[in-house]
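Let's take a walk through this protein together. Have a look at the model below, then read on.

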Amino acid sequence: MDITNFSEKQRFAPLFDGDRLSHAYLISGPAGSGKAALADTLAAAAVCSGAGKRPCGKCRDCEKALRGVHPDIAAVEKPADRREIQVDQVRAVRADAAVLPNEAERKAYIIRDAGKMNPSAQNAILKLLEEPPRHAVLILTAENPSELLPTVRSRCVELILSPAEEALPEKAEKLAAGLLEAAGDELETARFTFTLDKLSRQEFTEMLEAAETMCARMLRADAKGAGTVLPSPLPERYAAVFSRAREFLDRNVGTGHVAGYLCAELNRRV
Ligand SMILES: [Zn+2]
């Protein structure tokens with residue numbers, strides 16, 4: 001795992017910028033969205049002794065965090081033979097949090113799948129959240145944060161992860177990005193689509209699929225209020241155009257004709 005990975009992502013960058021860690025985080029998102037990795041990164045940031053952006057990934061503390069042997073990082077999860085995280089496990093965290101860190105400036109506690117805490121465990125964690133020791137950082141992860149008491153949630157900085165995004169084929173993604181950038185500008189689109197004529201049917205289809213996926217991502221980002229590349233309703237309209245163009249290719253329409261169709265549709269004033 002590359003623990004500096006998250007700090008490179010624009011969205012999470014402020015979390016790792018200098019000394020601004022909060023006392024409690026709740027990381028939520030579906031399976032495979034990177035909850036555990038982000039929790040581990042935050043824990044490493046809590047103990048990192050490097051200067052500047054944390055985790056630095058290079059200091060002794062980061063190195064231990066990476067190997068999972070840092071004495072100031074502890075993780076709690078549901079015992080394999082139980083259905084819930086037990087109150088005793090949380091009490092042990094509270095008792096440990098009251099003691100100063102061993103090596104680092106802070107102690108980090110990760111509670112994996114925190115929605116599995118039974119009510120008494122949640123009340124025990126609430127007590128810790130209400131009066132956290134100065135050096136403690138609590139990191140909860142949950143697939144479904146509504147399983148947590150509202151009083152627990154409200155005391156955490158919530159970080160919501162999206163489903164894992166599949167990587168697009170590199171060449172297709174590059175072409176699709178070029179196409180989306182040119183879209184709306186008549187001359188640029190004409191220039192760009194002219195070059196598409198040289199693609200094989202397969203490459204053309206892959207580019208259209210990539211462009212469609214990128215539009216879908218823009219729409220998702222739009223729904224969450226994050227920054228978009230194209231303003232609404234363009235991603236939706238373009239996605240329909242790309243889908244239609246793929247149909248044409250499927251039906252053996254020549255690539256030159258499909259390129260012409262794209263050029264006309266991407267410049268159509270609505
Ligand atoms: Zn470090």
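## The sheet

Strand 3 (residues 107-111) and strand 4 (residues 136-142) run parallel and are joined by five bridges. Strands here are DSSP runs of E with at least two residues, helices are runs of H or I with at least four, and both are numbered from the N terminus. Two strands count as paired if DSSP finds at least two bridges between them.

Now zoom out: five strands make an open sheet with parallel pairing, in the order 2-3-4-1-5. Strand 2 (73-76) and strand 5 (157-160) are the edge strands, each pairing on one side only. From one strand to the next, the twist averages 20°.

## The zinc site

Which residues are the protein donors of the zinc ion? They are Cys48, Cys56, Cys59 and Cys62, each through SG, and they lie 2.3 Å from the zinc ion. Donors are N, O and S atoms within 2.8 Å of the metal (3.2 Å for Na, K and Ca), and water is not among the atoms, so sites may look incomplete. Along the chain, the zinc donors follow the spacing C-x7-C-x2-C-x2-C.

The site is tetrahedral, with angles of 106 to 115° among the four donor atoms; for four donors, that label needs all angles between 85 and 135 degrees. Cys59 and Cys62 are both buried (under 20% relative accessible area, using a 1.4 Å probe and protein chains only).

## About the model

This is a predicted model, where local features need pLDDT of at least 70 and side-chain atom pairs count only at pLDDT 80 or more, while totals for chains, interfaces and linings use all residues. Residues are numbered from 1 along each chain as its sequence is written, and side-chain values use heavy atoms, leaving out hydrogens and water.

Conventions
Four donors count as tetrahedral if all angles lie between 85 and 135 degrees; four count as square planar and six as octahedral if opposite donors are over 155 degrees apart and all others between 65 and 115; anything else is irregular. Buried means under 20% relative accessible area, exposed over 50%, partly exposed in between (1.4 Å probe, protein chains only). Axes are lines fitted to C-alpha atoms, for helices over the stretch in contact, and angles run from 0 to 180 degrees between N-to-C directions.
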